[in-house]
Amino acid sequence: MTSSSSSGDADIEGSHRGSDRMTSSSSSSGDADIEGKITAWLAGQQEAMVALLRELVGIDGGTYDKPGVDAVGAALQRFLAGHGIAVEVIPQQRFGDTLRAVVPGPAASGERANIVLMGHRDTVYPKGEVERRPFAIRDGIAYGPGVSDMKAGLVMNSFVLAAFARCGGAPGPLVGLYTADEEIGSPEGRPVIEAEARRARAVLNSEPARATGNVVTGRRGGVFSLLRVGGKAAHSGSRMAEGISAIEELAHKILAIHAMTDHAAGISFNVGLVRGGQSVNSVAPWAEAEIDMRYRTPEQREAATVRLTEIVARSTVPGTTAELTIKGEFLPMLAQSPGGKALFELYQQAARASGFAVEGEFTNGCADSGFTAALGAPTLCATGPQGYGGHSLDERLRLDSLVPRAQAAARTILWLERAGL
Ligand SMILES: [Zn+2]
């Protein structure tokens, strides 16, 4: 699949196309011509898109599996190289490397020049999941780990980049950013994303479209933290009174933390993991919990952090110690900025021209789009193909959404100037 596409690409000289575009950019018939070429090429890529999706879903790549996530990256690099697209590898220590693909385009004036297509390669699944639950298609629906969150989005972004590399017409440099640790809050990916956001003219994050088909215009923020409690070991038969139970203290803290949840206000606390103790017949010298806090506004984050800090500092079991460490964090995607609103409305038009209608939705989940929006980059999230059931055995993807969503993304890019972006 890749090799036949690449031989097709060799017929077109990107640089010649580029100069055509520069001289004819004011001609609307020239623009319509490019738009027609790009959308027609994408329309013919359904099978190739499914083939690349099958390849990516067939590689295990949980966040903590660096070799796996890098193997998914290598497959994408092969595809992009086959379309003549340069890819820079930004090495990372613990998680997969970040890939940054660039399709050159005319540089806009000002600092914000790049049009960014963003996505993450990691999944939430352990090694071996692909073997247990291999890629499958039934009645036009694809199944498999990460099929919608978000390997289909990576496929879509890659084909949009290929379309512009092939046909020209991008109104600015296109950047494909492929990160590797989104599922745990992007500890290593975040600085790369933020550097990109500072020079971004627009960001399309191809997380899966909602089950309704809608895109995402608002998201909650999230903080993942680790609470460690210290106590003192003692034999629980003969000398229990001399011990200090870290587990007992942690139990009090967990109840107090969960009690701060207020779903109506959009703030929640979930202790998702607990560990501790040394044996059944010892008073527990240590215990720890991992906490996922979600919120809507920076004010909520501040107030919740104060209350959480108080709970950590207050000992119900005398003599225990406690310490809280933030392990990962997502910023909220707040009420839309004027640029974000303009981008969303433009996307709605592009969607209509591509045969579907979308609205914007607020979702309680977090994503990398919060980082780019927080830095003022006009951002739209969930521009990927339509899927549902992410992070579950029910994960699936509508294959008939691959081409229209790719066309809508391409039209949005082509039309950016119409929205004053
Ligand atoms: Zn995702």
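The model is predicted: local features need pLDDT of at least 70, side-chain atom pairs count only at pLDDT 80 or more, and totals for chains, interfaces and linings use all residues. Residues are numbered from 1 along each chain as its sequence is written, and side-chain values use heavy atoms, with hydrogens and water left out.

H120 lies in strand β3 (residues 114-120) and E207 in the loop between β7 (200-205) and β8 (208-209), so the pair ties together parts 87 residues apart in sequence. Strands (E, at least two residues) and helices (H or I, at least four) are DSSP runs, numbered from the N terminus. Both H120 and E207 are buried, meaning under 20% relative accessible area, against over 50% for exposed and in between for partly exposed (1.4 Å probe, protein chains only).

A salt bridge is a side-chain nitrogen of Lys or Arg within 4 Å of a carboxyl oxygen of Asp or Glu. The count is 24 salt bridges, including these:

| Pair | N to O distance |
|---|---|
| D97 and K66 | 2.8 Å |
| R201 and E417 | 3.8 Å |
| D394 and R396 | 2.6 Å |

R201 is buried at 8% relative accessibility, whereas E417 is exposed at 58%.
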